[in-house]
Amino acid sequence: MQNCPKCHQSVSSSAVTCPYCRTVLKAYGHPGITLHRAVGDTPLCESCTYHADDTCNFPQRPDAQECTLYDNMNQRQSDREALPSTSPNLIHALRLCWQQNPTLLGLLGLAVVSVMLTLIASK
Ligand code: SF4
Ligand SMILES: [Zn+2]
């Protein structure tokens, strides 16, 4: 379920148009793609990840009122904060291990490839 950006009613996430106010919710011709809409006069780009990291080259940037590729950076930030705290530690530990033992990890990779080739050749 999602909320209609115009009338704020709860509607099915697969709805192409809002059943209450008929606002188009999906991109025209692409019913699987959500068409994000600005609320009020504030362009979507102001809260978009791709505007913040300067990777968007859409011509409607920075004043997009509608966009299919909009990515809410505030939502992304709160998703990141909701991740279990062990995930960054695990990634950090793996990165540290890679930096400190590149030879060992290279040898381990070679051993895995050798075992796989041996298994393939024995069939
Ligand atoms: S992806 Fe859309 S909303 Fe995001 S910066 Fe580009 S034009 Fe703006
Ligand atoms: Zn609506």
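Reader: Where is the place of P62?
Author: P62 sits in the loop between α1 (49-52) and β6 (66-67). Helices (H or I, at least four residues) and strands (E, at least two) are DSSP runs, numbered from the N terminus. Before we go on: this is a predicted model, where local features need pLDDT of at least 70, side-chain atom pairs count only at pLDDT 80 or more, and totals for chains, interfaces and linings use all residues. Residues are numbered from 1 along each chain as its sequence is written, chains are lettered from A and ligands numbered from 1 in the order in which they are written, and side-chain values use heavy atoms, with hydrogens and water left out.

Reader: Thanks! Which kind of peptide bond joins R61 and P62, cis or trans?
Author: A cis one, with omega at about 10°.

Reader: And where does D54 lie?
Author: D54 is also in the loop between α1 and β6. D54 has a positive phi of about 60°, although it is not a glycine.

Reader: Is D54 buried or exposed?
Author: Exposed, with a relative accessible area of 57%. Here buried means under 20% relative accessible area, exposed over 50%, and partly exposed in between (1.4 Å probe, protein chains only).

Reader: What about H8, where does that lie?
Author: H8 is in the loop between β1 and β2 (10-11). H8 is not a glycine, yet its phi is positive, about 65°. H8 counts as exposed because its relative accessibility is 54%.

Reader: Switching topic: which residues make up the largest nonpolar core?
Author: There are 7 residues in it: A38, L44, C45, C48, A64, C67 and Y70. A nonpolar core is a set of buried Ala, Val, Leu, Ile, Met, Phe, Trp, Tyr and Cys residues joined through side-chain atoms within 4.5 Å. Apart from that core lies another, of 5 residues, including C4, V11, C18 and L25.

Reader: Why would nonpolar side chains be buried together?
Author: In soluble globular proteins, nonpolar side chains tend to do that.

Reader: What does C48 touch?
Author: Not counting residues up to four places away in sequence, C48 touches Y70, D71 and M73. Contact means heavy atoms within 4.5 Å.

Reader: Which residues come nearest to ligand 1?
Author: Of the 13 residues around ligand 1, the nearest are C45, C48, H51, C56 and C67. A residue is near a molecule or strand if one of its heavy atoms lies within 4 Å of it. By class, that shell has 10 nonpolar, 2 polar and 1 charged residues. Ala, Val, Leu, Ile, Met, Phe, Trp, Tyr, Cys and Pro count as nonpolar, Asp, Glu, Lys and Arg as charged, and the others, Gly among them, as polar.

Reader: Nice. Where is R76, and what is R76 in contact with?
Author: R76 lies in helix α2 (residues 73-82). Leaving aside neighbours within four places in sequence, R76 is in contact with T49, Y50 and D71. The C-alpha atoms of R76 and T49 are separated by 8.3 Å, and the two residues are 27 residues apart along the chain. At 36% relative accessibility, R76 counts as partly exposed.
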